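Colleague: I would like to learn how to read a model such as this one, feature by feature. Could we begin with the contacts between charged side chains?

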Amino acid sequence: MGQKINLNTRLGEVGDTRALQADGHIDITQGKGFRLSAGSVAAAGTTTSDATQTGYGHTLVTTAGANSGVRFESFTAGEVRGVKNIGANSVKVYPPTGGTIDNSAPNGSISLASGIGALFFATADNTVVRGS
């Protein structure tokens, strides 16, 4: 039986392995995993309107300038996406245009520190909560 994941644990602290690897691979069980990667991006902009739009799946932020951000594409209820920030600075994570993230105001953001990854869940269309 595979290893259980506590979604209250930061991504990267599942057992003795890193959950989200630099190549987008997510280790779920010992030596097994899956890839649903939207690829790597450079965070940009300082507002939701000029933040780098992520693809569907999991995103690796490789470059994060001061106050830069990424914005999810439309997010359908039940979807799960991951973001891992390996850039030098914290990155702002925005919901889809007009949506909310962690009970923020519409188009509000949360901050994801350098070296941290998180899973995001859509509880309703374009309503996003962080699972870590």
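This is a predicted model: local features need pLDDT of at least 70, side-chain atom pairs count only at pLDDT 80 or more; totals for chains, interfaces and linings use all residues.

Colleague: How many salt bridges does the structure hold?

Modeller: There are 2 salt bridges in the structure, and one of them is formed by Asp102 and Arg130, whose closest N and O atoms are 3.4 Å apart. This pair links distant parts of the chain, since Asp102 sits in the loop between strand 9 (100–101) and strand 10, while Arg130 belongs to strand 12 (residues 127–130), 28 residues apart. Asp102, with a relative accessible area of 28%, is partly exposed, and Arg130 is also classed as partly exposed, at 30% relative accessibility.

Colleague: Turning to the fold, how many helices and strands does the protein chain have?

Modeller: The protein chain has 0 helices and 12 strands, so that its pattern, read along the sequence, is β-β-β-β-β-β-β-β-β-β-β-β.

Colleague: What is the strand order in the open sheet of 4 strands?

Modeller: When reading a sheet, one follows the pairing of strands, which requires at least two bridges between them. Here the order in the open sheet is 4-6-8-10, and the pairing is mixed. Its edge strands, each pairing on one side only, are strand 4 (52–53) and strand 10 (110–112). Within the sheet, strand 6 (residues 69–71) pairs with strand 8 (residues 91–94) in the parallel sense, over 3 bridges, and Arg71 has Tyr94 in strand 8 as its bridge partner.

Colleague: Finally, for the chain as a whole, what share of the 132 residues counts as buried?

Modeller: The buried share is 39% of the 132 residues, and the accessible surface of the protein chain comes to about 6,500 Å², 50% of which belongs to carbon and sulfur atoms. Among contacts with a separation of 6 or more, 44% are between residues 24 or more positions apart.

Note on methods. Residues are numbered from 1 along each chain as its sequence is written. Side-chain values use heavy atoms; hydrogens and water are left out. Helices (H or I, at least four residues) and strands (E, at least two) are DSSP runs, numbered from the N terminus. Buried means under 20% relative accessible area, exposed over 50%, partly exposed in between (1.4 Å probe, protein chains only). Contact means heavy atoms within 4.5 Å. Accessible areas come from the Shrake-Rupley method with a 1.4 Å probe; for residues, only the protein chains shown count as cover. A salt bridge is a side-chain nitrogen of Lys or Arg within 4 Å of a carboxyl oxygen of Asp or Glu.
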